[in-house]
Structure formats: C-alpha cells, structure tokens
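Subject: Structure handover

Hi there,

Here is the structure I promised to pass on to you. Have a look at it first, and then read on for my notes.

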Amino acid sequence: MDYVIGVPGSFHDSNVFRRTRVSRSPEDFFGVGEWLWADSAYATQTWCITPFKRPPGGGLTRQQRTFNYHLSTVSTVTVIGRNI
Amino acid sequence: MPHNSSRKELLEALKDTHHDLVLARYVVLLQGILDELFESDSDDHTSTTSESGDGAISDSSMHSLSSRMSMESSWSSVLSGITASSLLSSYRHCSEEPAMYQRIFGQFIDAVCALHDEVEKSRVLNSRPKLSRSPQLHLLPEWALHAPEKFQRKLRISPSVFDALVKRIEDHPIFYNSSNNAQLPVPIQLAIFLNAVGHYGNAATREDQAEWAGVSVGTVYNCLKRTMVAILQHHDDAIHFDVLDREDQMERERAKQWVEARTCREWRGGFLCVDGTPFNLYQKPGWHGEGFFDKNSNYSLSAQVCMFSFNDDKL
C-alpha cells in the first residue's frame with residue numbers, strides 16, 4: 001500500500017512514519033470514520049489509533065485494557081518479520 | 001596493485017614468446033643470407049669483418065633465445081607434444097641446414113599460436129573434482145502439502161502465497177534465455193530468493209544458500225537478481241491507493257469486513273495497519289556511522305509499511 005525505506009535506523013518508528021504518504025496527506029486515504037491501526041510507538045491522531053500506554057507510576061483501567069486486547073487482534077497481523 | 005587473472009598472464013606470456021620467436025627467426029634468416037654472401041666472395045677482406053660482427057650479433061641473439069627457451073620450458077607441462085628443450089636440441093642438431101630450422105621455427109610459432117587460441121577459448125583453466133551436494137529443495141513440495149508451517153519457516157510465506165507469486169512472475173522474460181541450457185524452473189529460483197532474503201547473518205551467505213539448494217554460488221546470485229527484477233516489475237500493481245479506484249474500494253471493503261469479523265461493527269473503519277522493521281547493515285557505514293545505530297544496538301536502515309488490515313492468503 002504505502003512504504004518508506006532507507007531511513008537510518010536511529011530514527012524512531014514514529015519519525016519514519018511521518019515520511020510516508022499516508023502520514024503526509026491522510027485526507028487522500030481516510031474519509032470520515034476511517035483510520036489506521038498502529039502500535040504504541042506511534043502518535044495518536046484522528047486517523048491513527050494506538051493502544052493505551054501505561055502512564056508512569058499508574059495503571060490502565062479495565063476498559064482501557066479491554067480496548068488494548070481487542071486492538072491487538074487486528075493490529076498484530078502486521079508485525080513484520082516476527083510472524084512465525 | 002591490480003590483480004591479473006592467470007588466464008591473462010598466460011596469454012601475455014604466450015604473446016611474448018611468439019614475438020621473441022618471430023624475432024629470432026628473422027635473425028637466423030639474416031645470418032644465413034649473410035653467410036651465403038660471405039661464402040660467395042670469401043676473398044673480400046671487408047666481408048670478413050662483417051662476418052665476425054654478424055656472428056657476434058647472432059651469437060648473442062641465440063644466447064638470449066636459448067635462455068628465453070629455458071625459461072619457457074617451465075610452460076613445457078602446458079605445451080603438449082613439442083617442448084622447448086626438444087626443439088632447441090633439434091635446432092642445434094640440424095644447424096647445418098637453414099631451411100630446416102626455418103621449418104622448425106615455423107612449427108614452434110604455430111604451436112604457440114595454437115596454444116594461445118586454446119587458452120583463450122577454454123572456459124576452465126584448472127579442472128577441479130566435482131563437490132558432492134545434497135540439495136534440500138525437494139522437501140519444500142512435501143512440506144507445502146503436509147507441513148505448511150515448516151514451509152513457511154523456511155521461505156517466510158505460506159504455500160498458497162508462494163504459488164500466487166510464481167504465477168505472477170513466471171512469464172517475465174528475464175527467466176527465459178535463447179540457449180539450449182534452460183534456466184532453473186521459476187519456483188526453484190523464487191525459493192532460493194525467498195530463503196536468502198528471509199535469513200541474515202551467517203545463515204544468509206551465498207555459500208550457505210548454494211549448499212542448501214545444491215547449486216553453485218553464481219547460480220544463487222543469478223536467481224536473486226532475476227527474481228528481484230521480476231518482482232519489482234509488479235511494484236506499481238501492488239503499491240497503490242486511489243480513493244476513487246474501484247478495485248481499491250473493493251479491497252478497502254474487504255479489509256473492513258475482516259476487521260468487523262474480528263472485533264465489532266464500530267471498529268470497521270480501521271482498515272489500514274502500520275508497522276516498521278529495521279534492516280540490519282553488514283557493518284557500520286563510513287559516513288555518519290553513528291546515525292544508523294538503532295535502539296537494538298545494531299546499525300540498520302528503517303522501513304515502514306502501511307497495508308490493509310487483513311491476513312489473506314489469496315493474493
């Protein structure tokens with residue numbers, strides 16, 4: 001669909017993601033009520049849904065944990081290179 | 001200092017020998033003519049001096065030739081039949097007749113020319129015993145039927161995706177040559193490619209791939225090159241997105257259905273997924289090396305891939 005390659009490895013995933021076409025012009029890809037699943041390394045946007053992160057010294061609510069659990073069922077299919 | 005191939009060295013040595021031989025032949029011819037001239041008017045005083053002078057020249061040239069020949073006798077293992085020393089001795093033996101050694105020179109020059117052609121035409125200079133091989137490719141079709149997880153572990157894709165890929169790339173002209181020796185079948189070339197790109201580090205050396213597939217290192221290299229060309233041909237078919245395009249709309253709908261089936265109706269809007277992976281580099285780059293140092297303490301290039309959020313084997 002869309003990809004970026006050849007960026008130095010020291011860049012953070014979310015930084016590299018900002019260079020993709022999806023991230024530069026999300027309006028070309030997403031209509032109202034459409035979005036993209038990402039893991040917690042990425043920044044949340046209206047078109048980019050990430051799991052809840054545990055705040056320092058705190059914990060997730062039950063609802064947040066349930067949300068993360070169901071999110072993992074859809075977004076783990078793309079975990080690259082570790083699917084075996 | 002640039003490295004010269006042994007074939008090039010051999011060809012150059014043969015060329016030099018050829019050149020020296022032609023030169024020596026003319027010197028001997030010249031000497032014969034001068035000898036005849038000298039014999040015809042032997043009373044002449046001036047010709048005596050010229051004879052002694054020429055004799056000195058031809059002596060030295062003969063000396064250089066013989067030393068050259070003794071050096072060239074190291075090639076005698078290569079020269080079949082006629083060796084330098086045997087020619088030299090036969091030359092000395094019949095030194096009485098100029099026509100005779102003209103012929104011998106001619107033979108020697110022809111032999112050197114023939115050898116030059118032979119070296120130039122031969123594909124392998126030093127033949128080696130064939131290494132024994134035990135290819136493991138035959139396991140793949142068996143695994144595809146009875147143990148797809150093993151197939152997937154080796155080639156990193158499922159058998160059905162593999163078949164679909166073969167179907168997409170097998171018509172590419174790069175897999176066809178106009179020679180009597182056809183290339184390896186496309187599925188085998190693709191398998192070698194996938195095994196190579198699915199491994200890194202020690203397991204990904206070309207030698208390892210060659211042993212696994214039972215082919216030579218050069219064949220592995222060719223398979224990788226061809227398969228990459230054939231797959232990149234499909235880049236624009238695979239990497240595209242247009243909101244107005246009908247096929248893309250259908251694909252998007254399929255992704256949404258997949259998400260809905262796994263979660264709930266409210267979540268069906270999330271039809272794309274993103275993730276990244278590092279590609280480790282062989283070593284620290286020379287320019288801005290530290291800039292490539294990643295969180296896993298490797299030097300790498302980063303990649304991000306956005307794709308439809310479904311795990312569908314049917315391409």
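Predicted model: local features only at pLDDT ≥ 70, side-chain atom pairs only at ≥ 80, totals over all residues.

Chain A contains three helices and three strands, and from the N terminus on its elements run β-α-α-β-β-α. Of its 84 residues, 37% count as buried. Chain B has twelve helices and two strands. Along the sequence its pattern is α-α-α-α-α-α-α-α-α-α-α-α-β-β. For chain B, 33% of the 315 residues count as buried.

**The core in chain B**

The largest nonpolar core has 28 residues, and those touching the most other members are B:Leu140, B:Leu155, B:Phe162, B:Leu190, B:Ile192, B:Leu194 and B:Trp212. At least two residues of this core come from each of helix 5 (139-146), helix 6 (148-155), helix 7 (159-169), helix 8 (186-197), helix 9 (206-213) and helix 10 (217-232) of chain B. Helix 8 of chain B gives the most, with seven residues.

**Salt bridges**

Side chains of opposite charge can pair when their charged atoms come close.

Another salt bridge brings together the side chains of B:Glu253 and B:Arg268, at 2.8 Å from N to O. This pair links distant parts of the chain, 15 residues apart: B:Glu253 is in helix 12 of chain B, and B:Arg268 is in the loop between helix 12 and strand 1 (270-280) of chain B. B:Glu253 counts as partly exposed, because its relative accessibility is 32%.

B:Arg268 also forms a salt bridge with B:Glu260, where the closest N and O atoms are 2.7 Å apart. At 23% relative accessibility, B:Glu260 counts as partly exposed. Through salt bridges that share partners, B:Glu253, B:Glu260, B:Arg265 and B:Arg268 are joined into one network.

**Two surface patches**

Which residues gather in a patch of negative charge on the surface? They are A:Glu27, A:Asp28, B:Asp242, B:Asp245 and B:Glu247. Among them, B:Asp245 is placed in the loop between helix 11 (235-238) and helix 12 (246-262) of chain B. With a relative accessible area of 32%, B:Asp245 is partly exposed.

The other patch is nonpolar: A:Tyr3, A:Ile5, B:Val305 and B:Met307 make up about 320 Å² of surface. Strand 1 (2-8) of chain A and strand 2 (300-308) of chain B each supply at least two residues of this nonpolar patch. B:Val305 has its place in strand 2 of chain B, and its relative accessible area of 30% makes this residue partly exposed.

Happy exploring, and all the best

Technical notes
Residues numbered from 1 in each chain as written. Chains lettered and ligands numbered in written order. Heavy atoms only, no water. Patch = residues over 30% accessible without salt bridge, like charges linked within 9 Å, V, L, I, M, F, W, Y side chains within 5 Å. Areas by Shrake-Rupley, 256 points an atom, 1.4 Å probe, with all protein chains shown as cover. Salt bridge = Lys/Arg side-chain N within 4 Å of Asp/Glu carboxyl O. Lys, Arg positive; Asp, Glu negative; His and termini not counted. Charge placed at Lys NZ, Arg CZ, Asp CG, Glu CD. Helix = DSSP H or I, 4+ residues; strand = E, 2+ residues; numbered from the N terminus. Buried < 20%, exposed > 50% of the residue type's maximum accessible area, 1.4 Å probe, protein only. Core = buried A, V, L, I, M, F, W, Y, C linked by side-chain atoms within 4.5 Å.
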